[in-house]
Amino acid sequence: MTDVKRYNPQAVEPKWQQTWEKNDIYKTHEVAGQPKSYVLTMFPYPSGNLHVGHLANYTIGDIVARHKKACGFNVLHPMGFDSFGLPAENAAIKKGVSPAGWTFQNIAQMKDELKRCGFSYDWSREVVTCTPEYYRFNQQLFLEMLDKGLAYQRESMVNWDPVDNTVLANEQVVDGKGWRSGAKVERRSIRQWFFKITAYADDLIEGLQTLTAWPDRVRAMQENWIGRSEGLEFTFDVEGAEGGLRVYTTRPDTLMGVTFCSIAPEHPLAKKLAETDAGAAAFIQECQGLGTSEEAIEKAEKKGYKTPYQIIHPLTGEKHPIYIANFVLMGYGTGAVMAVPAHDDRDFEFAKKYNLPIKKVIQGGDESLPGAYTGKGALTNSGEFDGLSSEEAKKRVCTKIASMGRGETKTLYRLRDWGISRQRYWGCPIPVVYCGQCGVVSEKKENLPILLPEDVTFTGVGNPLALHPTWKHCACPKCGGKAERETDTMDTFVDSSWYFARYTSPQANDVTDRAAAKYWLPVDHYIGGIEHAVLHLLYSRFFNRVMYDLGYVGVKEPFTKLVTQGMVLNASYQDESGAYINPGDVEWEGPVAKAKATGKSLKVNRQEKMSKSKNNGVFLNTVFDTYGVDTARVFTMFIGPVEADKEWTESGAEGAWRFLGRVWNLVHQPSLKGYPQNFSDIKTIKISNLENKNDKELKRAIHKAIHKCSQDAERYQFNTWIACLMELSNRLQKVEAWSEATPHLYREGLEAMVRLLNPIAPHITEELWHDLGYTSTLWGHPWPKAEADALVDEEITLVVQVNGKLRGRLVVAPDIAEAEAKARALEEVAEHLQGLTIEKCVVVPGRLVNVVAR
Ligand code: ANZ
Ligand code: ZN
């Protein structure tokens, strides 16, 4: 008894990690003719420690990679770090560390923890976006986009902190104030760089049709974001201003319902008025306090300023006022709207506030409800258009306005060009130079990368690159004269828009090695959070199209299948002072949670997203020490479907731990002693050669498990895959020596168990595999195949119902004849039929017999 080997993950896990690393088993390369599978999980921002949410995320990808490898695919499963960005710069400002130092220290720690999770990454392909080896190709792509007219400069609004003299990101604006200085944020217009993503708007919408393995809601979100709309752009004559007012509307059918017009605070007409009208100037000023985010503008209370100008309705000749309104955006359409308060929510709110007339021109909606009716319907109060449907009226109004020479139909996109300029340090320098003689000049390709300087001080005031004493001074690449570098850096979304292509050939001396990129791309399985449904996934689709047009990749769409995983939630714990105590510092005494440090009991709050503010993250280093990572992998995959949010509980983790212990004991302490250990003694017995009923059932259970787990693996149903293995382990526990065949079947069951569990819990299974006598690794060992004849049931259960109520069960052969099923069913439920007349008896083969009787 004493020599029984116990399950000790703290010994088993590091041992296998070292062996895998030593043998470099995850290293991959192109193999002509072999089917490939590129499995990618969105790379992390190196913020410090990993928690079980990260673990769950990366485990999904690891399971897919291991399963695909076993199924004979050549697997690419890389990892890296999305490592430029604001937190490093903020840390520099607050703690005086260098952004690079802070970042690389975090990367080292996270990489170490990722390795301790046993993921099958080919680390030789690691991509770290803040290294010059990577960002020089950001710069190269930028220059090639500049050449093609896909990168350009224009004036655009930013959030300006007047105290720190710096541009703020939207997330640095808190309640309209700068996050650090607390100063009221202003809007400023400065020259910035843009990528012309709108050039691909139609193609990005059309491509969505081909993405059939993406969640519908993500495709819908992208479509809404691009927001293609067909409308009419036309000009109103204006009393008091030259040139008229040009508006864009998607509802030309409501033209007769116009009762005023609204213009953006930045509209030229508003600006012109402000020169002479102090009230207008003050209102425009006030609007600028709103910040630049569309969300803020959307949420703010609708406000306006009445101008002295009036539009003249092109069909009625009536005059209506023009307002400057805080919700009209200069960047969309013409920056001016014809307002129809009866049929537009914002116009309605506005009209109520300023007591403007509301004229209903579309029939429909509930009269008793306040608010606008925004649906379609038959026209009314519309003169010559009365009675027409909205669709018909749209056409007629457009034709009419066009024939008057006032306008034309136009397709607009909600999607804007992508502003990539950031006035900060920790990002990729934009490789252009300003020369007094030559203007804006591209840096020469052979001068790339333009490196970030390292000797920089961070005060939070101003732009560190612009303030650096020497960095920006350079020679003009064209004339050789004195010139200055662009001091803007690129939005970090640029970095993550093409990293998946770089993994295919991370050492290439070009954006990609084209052959390698063509071999590996598209990514077959892309796993990440739903929060990336729009920006990252849209920018990546855009970049991939640009790279496709430049020949760097061979496909237009980068990600064939997209899986959006849920979050791992956890309770949070508070002591009497209200301070949050990390779950790792909590111990349980029965139902009472106590702080380990003080022994005092704690308040337990409901399950929430793991966050710094609630201090409820379960960090992996505590998991490694208590359960080992296999347990955490099993638990996070078992608690629910991949897409759903999941609740972390200690009791659940313990359940997973006990399950692995049971699997271990099946090999090391079998109730059935003496299952064959030597390969020469092992026999695989077909079901047709088994005599004993229990043996047959066991054989069937094993092969049904193989079948079910294989199906679940293909469908990303990891929770039911694990449930199936739990069932199999229970069955194996109950095996006794029924016949001479039984020990062989038991061994067959063990091997299936270990192989099927391997993608989810790679360490324990690798150990057990070796304990079963194998010397090779399970990575790439062929996936088990179910024997077809062992999947067929010898007997099935038919449910018997009388008038819809369950009254009995029949155990029958699966191919029982209908007449026999009926006869046996009637016999089975005879007592429930006493005194009744049978009207009908219906057999649903394989499932039930229903008797209708009165
Ligand atoms: C009149 C109207 C009547 C409108 C009605 C809507 C409903 P989408 O569909 O997103 O393209 N609009 C136009 N330019 C705008 C701007 N710069 N800022 C804010 N709103 C603007 O939206 C187009 C509609 O949004 C347009 O159609 C216009 O209002 C408004 F019953 O015109 B509509
Ligand atoms: Zn020059």
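C438 is partly exposed, with a relative accessible area of 27%, whereas C435 is buried at 7%; here buried means under 20% relative accessible area, exposed over 50%, and partly exposed in between, with a 1.4 Å probe and protein chains only. Both cysteines belong to a metal site, for the zinc ion (ligand 2) is coordinated by the SG atoms of C435, C438, C476 and C479, at 2.2 to 2.4 Å. Donors are N, O and S atoms within 2.8 Å of the metal (3.2 Å for Na, K and Ca), and water is not among the atoms, so sites may look incomplete. Along the chain these donors follow the spacing C-x2-C-x37-C-x2-C. The angles among the 4 donor atoms run from 106 to 113°, and the site of the zinc ion (ligand 2) is tetrahedral, a word that applies to four donors if all angles lie between 85 and 135 degrees.

The model is predicted, with local features needing pLDDT of at least 70 and side-chain atom pairs counting only at pLDDT 80 or more, while totals for chains, interfaces and linings use all residues. Residues are numbered from 1 along each chain as its sequence is written, chains are lettered from A and ligands numbered from 1 in the order in which they are written, and side-chain values use heavy atoms, with hydrogens and water left out.

The protein chain has 854 residues, of which 54% count as buried, and its C-alpha atoms fill a box of roughly 100 × 80 × 65 Å, taken along the principal axes. The chain has 26 helices and 37 strands, where helices (H or I, at least four residues) and strands (E, at least two) are DSSP runs, numbered from the N terminus.

An oxygen atom of ligand 1 is 2.7 Å from an N or O atom in the side chain of T249, and a backbone N or O atom of T250 lies 3.1 Å from an oxygen atom of ligand 1. A nitrogen atom of ligand 1, in turn, is 2.7 Å from a polar backbone atom of L329. On its own ligand 1 has 650 Å² of accessible area, and the protein covers 88% of this, the areas coming from the Shrake-Rupley method with a 1.4 Å probe.

Some features of the backbone remain to be described. Most residues other than glycine have a negative phi, and most peptide bonds are trans. The peptide bond from L448 to P449 is cis, with omega near -5°, and P449 has its place in the loop between β20 (439-442) and α13. A cis peptide bond also joins L521 and P522, with omega about 5°, and P522 lies in the loop between α16 (514-520) and β24 (523-529).

N355 has a positive phi, near 60°; this residue lies in the loop between α11 (345-354) and α12 (390-403) and is exposed, with a relative accessible area of 71%. Phi of N803 is also positive, near 50°, and N803, found in the loop between β34 (796-802) and β35 (805-812), is partly exposed at 40%.

Methods. Tetrahedral: all angles 85-135°; square planar, octahedral: opposite > 155°, others 65-115°. Polar contact = N/O pair within 3.5 Å; in protein donor to acceptor, adjacent residues only side chain to side chain.
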